[in-house]
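I opened the coordinates and kept notes as I went. The entries follow in the order of looking.

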Amino acid sequence: MVAVLSMAGYMSASAAWAEQLRFQVYLDNRPIGEHSFRIAENGATTSVTSRAAFEVGFLFITAYRYRHTSNEVFRDGCLLAIDATTNDNGKRYAVNGEAMDDAFRIRTEDTIERADGCVKTFAYWDKAFLDMPRLLNPQTGDLERVRVQPRGRDTVEVDSGDHVPAERYALETGELTIDLWYNDDFGWVGLESDTGQGRRLIYRRVM
């Protein structure tokens, strides 16, 4: 409850600047939903609300459903607070956390962890997150070791069907490789990842 009250206080200030990022999400070439990000900045503080909703059907039956909401607050690029809930096809997760002194406390339904230093989530919208050696998974609350490999200049398809120039990066976790694309003018414009089951999850920016 303390983390939730703190989050409400962090996000109550009016934003000096805000941006909405929307992505259509595909499983291979089949549309399955949308993931949106509202990013609001006020001085050194950035507040982000992320909402994802996916459904995969098979023979007129919903075979898989995913819902995720995360409210995150950053100060000077480091995570100040998080309140996230996920329903992964019936399996529910809750992650809360807040900065305390020189550390960040992470609470899930099963554990309370402490992380020292600056913590970031998988904040794809902020290209600076690519410099971090570990990232907080807002679904599970796990701190995951990552490695980023630049892949050079490329083009990527956005939801209109157009292709835009972008810098490509490969973010490697212990299980997956996530490809990310950033355009000089529009920022984050694409994502593609193996699901671990031989299929591709694809994000195409709505522009």
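How many positive and how many negative side chains does the protein have, and how far apart do the centres of the two sets lie? I counted 24 positive and 32 negative side chains, with the two centres 3 Å apart. Lys and Arg count as positive and Asp and Glu as negative, while His and the chain ends are not counted. Each charge is placed at NZ of Lys, CZ of Arg, CG of Asp or CD of Glu.

**Ground rules**

I note that this is a predicted model, in which local features need pLDDT of at least 70 and side-chain atom pairs count only at pLDDT 80 or more, whereas totals for chains, interfaces and linings use all residues. Residues are numbered from 1 along each chain as its sequence is written, and side-chain values use heavy atoms, with hydrogens and water left out.

**Overall**

I found 1 helix and 15 strands in the protein; these are DSSP runs numbered from the N terminus (helices H or I, at least four residues; strands E, at least two). The radius of gyration is 17 Å, close to the 17 Å of the globule rule for 207 residues, so the protein is as compact as a globular protein of that length. That radius is taken over C-alpha atoms, and the rule is 2.2 Å times the number of residues to the power 0.38. Along the principal axes, the C-alpha atoms fill a box of roughly 45 × 40 × 35 Å.

I looked up burial next: 43% of the 207 residues count as buried. Buried means under 20% relative accessible area, exposed over 50%, and partly exposed in between (1.4 Å probe, protein chains only). The protein exposes about 11,200 Å², of which carbon and sulfur atoms supply 47%; the areas come from the Shrake-Rupley method with a 1.4 Å probe, and for residues only the protein chains shown count as cover. Of the contacts between residues at least 6 apart in sequence, 37% join residues at least 24 apart. Contact means heavy atoms within 4.5 Å.

S1 (residues 17-27) runs antiparallel to S2, joined by 11 bridges; two strands pair if DSSP finds at least two bridges between them. Within this pair, Gln20 has Arg38 as its bridge partner. The S1-S2 hairpin has 2 residues between its strands, and Asp28 in the turn has a positive phi of about 55°.

S2 (residues 30-42) is also joined to S3 (residues 45-58), by 10 bridges and again antiparallel. There I see Glu41 bridged to Thr46. This hairpin too leaves 2 residues between the strands, and Gly43 takes a positive phi near 65°.

**S15 against S1**

S1 has another antiparallel partner in S15 (residues 200-205), over 5 bridges. Val25 stands opposite Tyr203 of S15.

Is Tyr203 buried or exposed? At 8% relative accessibility, Tyr203 is buried. The C-alpha atoms of Tyr203 and Glu192 are 6.3 Å apart, with 11 residues separating them along the chain.

I checked Arg204, also placed in S15. Arg204 counts as buried at 14% relative accessibility. Beyond its neighbours within four places in sequence, its contacts include Arg22, Tyr26, Asn29, Glu157 and Asp159.

**Loops with positive phi**

Asp76 is in the loop between S4 (61-75) and S5 (78-88). Its phi is positive, about 55°, although Asp76 is not a glycine. Asp76 is exposed, at 62%.

Asp101 lies in the loop between S6 (91-100) and S7 (103-107). I read a phi near 55° for Asp101, positive in a residue other than glycine. Asp101 is exposed at 80%.

**Two further residues**

Met132 sits in the loop between S8 (112-116) and S9 (134-136). Met132 is buried, with a relative accessible area of 16%. Outside four places in sequence, Met132 is in contact with Cys118, Lys120 and Val146. Its C-alpha is 8.3 Å from that of Arg147, 15 residues away along the chain.

His163 belongs to S12 (residues 163-172). His163 is exposed at 51%. Not counting residues up to four places away, I found His163 touching Thr155, Val156 and Glu157.
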